[in-house]
Structures are given as structure tokens and as C-alpha cells.
Amino acid sequence: MKTQENIFQFINEKSIQPSLKWDLNPFPHVVIDNFLRQEVFDRITNDLRTSIKSELIQSKFEDYIQSKKTIYTDKALSSSATIPIRVLGSNLIKGLISKFLNDSDVTSMSEQYLYGGYSPYHEMESGGILGSHVDHSFSKDNKNLHVGNAILYASNYWHPDWGGETILFSRNGIEPIKLIEFKPNRLILFIHSSNSFHGVNYISSPPEQKRKTYYVDFYSFPEKRRSIERILESKGCRGLRYSHHLTIFLPFFPIGLKSFRIKHLFRRENIFYVFYYFIYYISRITRHNFFADYKRLKSYSSRMLSNE
């Protein structure tokens with residue numbers, strides 16, 4: 001009870017309407033503006049400007065599909081700057097995902113050890129892009145089915161001309177369907193499936209102005225994936241399916257057909273992007289876990305080579 005009361009001290013309760021209206025196109029999502037109390041949000045953004053520890057970077061990305069993106073461990077954050085992680089992983093936000101899916105077993109990555117190996121805080125710089133991709137379908141231990149995402153925009157200021165919108169793509173990841181403007185203190189929730197392709201539009205902000213976001217994902221039991229698919233279909237979300245895959249990026253077309261460039265065609269990283277997208281695609285169609293087959297084959301090959 002105490003945790004829940006603390007959480008509500010941070011939230012602008014007027015932003016959470018009794019009945020949020022979910023948009024189903026191209027997959028279920030809802031946008032909540034002015035999510036945190038303004039004084040809380042100001043304190044968080046001020047801390048983010050002064051307290052980030054660069055030595056606690058978890059990963060950096062730099063190629064034509066995902067560039068100028070850095071993700072941090074929570075140890076890089078001050079106490080105030082961890083407030084959004086606690087809020088996004090709270091019963092309140094879990095409840096919104098749970099209510100839409102009619103599933104009382106939803107949990108957040110905040111409940112997993114070290115967030116299940118993922119990072120709750122991300123930054124992107126001017127010139128950055130995050131191409132069309134669908135996130136991992138299961139937790140790294142394969143015990144939890146990935147069913148939802150929460151993204152909080154945490155930059156203190158952002159001009160619309162700087163881009164950086166969250167893009168929701170068609171179910172094959174090629175066509176941009178909706179751009180959600182990057183506005184400070186805006187929360188996006190969406191239902192995650194193997195068709196939930198999303199990304200970040202090109203960023204053209206001043207060098208000192210970074211695109212800052214908090215990220216928490218949500219899980220349910222793997223045996224519920226068929227029932228969740230039926231619930232989604234009953235709500236008008238036909239064709240959303242769950243299959244086994246890693247985080248998968250669409251090769252060659254980072255943010256749609258118009259983003260194709262000849263110079264990117266023969267880049268070395270495409271070998272991996274194309275290979276993994278192919279395994280993802282046939283796994284989605286057949287419902288067979290080809291990623292597990294590939295992992296076993298890779299492990300067997302390594303053992304054979306080590307015995308030579």
C-alpha cells in the first residue's frame with residue numbers, strides 16, 4: 001500500500017482518465033500527456049542533465065539502422081532520476097496493460113533481476129535513428145511472454161522540427177502508419193506482439209539536446225499467448241500473433257521504402273539483419289521456434305570445432 005501511495009505522489013492523476021481510449025491502428029496503443037506532476041518531471045530532467053555517469057553505459061549503437069543511441073544501467077541515475085522506472089513498473093501501469101488484455105498475470109521488467117538484462121533508460125543524439133523493429137518476444141530466460149511496452153519522453157525541451165517521433169509501422173515493418181510527436185512528459189503504452197514494429201524518426205536537434213526516454217516492458221505467461229491473441233482479435237486487432245524471436249530489425253528500409261539508400265545495400269551488418277529477419281519471418285508464419293533450432297545448431301558446431 002505504501003508503494004502505491006508513493007507512486008501517486010509523482011503522477012498527475014488528471015492524465016489518467018477512468019477509461020483511456022486505445023487506438024488500434026496499426027496495433028493497440030495509447031498516448032498520455034503531462035503524465036508526471038510538473039514539479040516532479042522538472043526535478044527528474046534537471047537530474048538527468050547533471051547526474052548521468054557515462055562510465056555506466058550498458059550499450060552503444062552505431063550503424064545505419066540504429067545509430068547514436070546509448071542505453072544506461074540504472075546505476076547511472078540519481079535517486080530522483082529513477083522515479084519514472086518505479087512509476088512505469090507500478091501496479092497502476094501494469095493494470096492498464098492488464099485491463100486491455102484481460103490478463104491478471106501481467107508483470108513488469110522492474111520485477112526481474114537487473115530488469116531481465118535490459119535497460120530502462122535510453123538517450124539518442126542529433127543524427128540518430130532507430131529503424132523499424134519488433135522487440136524480443138520472450139524474456140531472456142524464456143519464462144515470460146513480452147506483451148506490452150511503456151515509453152516516457154524525458155527531455156526537458158523539444159522542438160517539433162527536431163524530429164525524433166516514435167513511428168508505428170505496418171505489421172511487416174515496412175510502411176510507417178503513425179508518427180507520435182516527441183513531447184516532454186508524454187507517456188506511450190502499446191501492446192507488444194510479433195507484429196508490433198516501431199522505431200524512432202531521424203533526429204536533428206542541437207548537439208547538446210538529447211532525446212531521453214525511459215522504457216519498461218511487460219510480460220505474461222507463455223501459455224497464455226493463444227488466449228491473448230483471441231482477446232486481441234475480439235477487440236478488432238486481427239492478425240496480431242506471438243512467436244519466438246529476438247529483437248528484429250527490418251533490413252534496408254529503416255523508416256520505410258523512401259529511406260532505402262544504395263550505399264547501405266552492401267554494408268556488413270546486413271548479413272546479420274537479413275539472416276535474423278528471415279528466421280523471424282518463417283518462425284512467425286510456421287509458429288515454429290527456429291531461433292531455438294539455430295541456437296542448438298550453433299552450440300553443436302562450437303562443440304565440434306572445439307573437439308577438433
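**Ground rules.** The model is predicted, so I kept to its limits: local features need pLDDT of at least 70, side-chain atom pairs count only at pLDDT 80 or more, and totals for chains, interfaces and linings use all residues. I number residues from 1 along each chain as its sequence is written, and side-chain values use heavy atoms, with hydrogens and water left out.

Entry 1: I took helices (H or I, at least four residues) and strands (E, at least two) as DSSP runs, numbered from the N terminus. I called a residue buried under 20% relative accessible area, exposed over 50%, and partly exposed in between (1.4 Å probe, protein chains only).

I then looked up its partners; two strands pair if DSSP finds at least two bridges between them. Strand 6 (residues 145-153) runs antiparallel to strand 11 and is joined to it by eight bridges, with Tyr153 opposite Thr213. Strand 5 (residues 121-134) is also antiparallel to strand 11, over four bridges, and Met124 has Arg211 as its bridge partner. Two bridges join strand 4 (residues 107-108) to strand 11, again antiparallel; there Ser108 is partnered by Phe218.

**Entry 2: His122.** I found His122 in strand 5. His122 counts as buried because its relative accessibility is 13%. I listed its contacts (heavy atoms within 4.5 Å). Leaving out residues up to four places away in sequence, His122 touches Lys69, Thr70, Ile71, Arg211, Lys212, Thr213 and Tyr215.

**Entry 3: Arg284.** Arg284 lies in helix 6 (residues 270-286). A salt bridge is a side-chain nitrogen of Lys or Arg within 4 Å of a carboxyl oxygen of Asp or Glu.

**Entry 4: cores.** I used nonpolar core for a set of buried Ala, Val, Leu, Ile, Met, Phe, Trp, Tyr and Cys residues joined through side-chain atoms within 4.5 Å. The largest has 70 residues, and Tyr214 and Leu232 are among those with the most contacts inside it. Another core lies apart from it, with 12 residues, including Val134 and Phe291.

**Entry 5: salt bridges.** How many salt bridges are there? I noted nine. Lys178 pairs with Asp23, with their closest N and O atoms 3.1 Å apart. This pair links distant parts of the chain, 155 residues apart, with Lys178 in strand 8 (residues 176-180) and Asp23 in the loop between helix 1 (2-10) and strand 1 (29-32). Asp103 forms a salt bridge with Lys224, the closest N and O atoms being 2.8 Å apart. Asp103 is buried, at 3% relative accessible area, whereas Lys224 is partly exposed at 23%. I also noted that Asp103, Asp105 and Lys224 are linked in a network of salt bridges.
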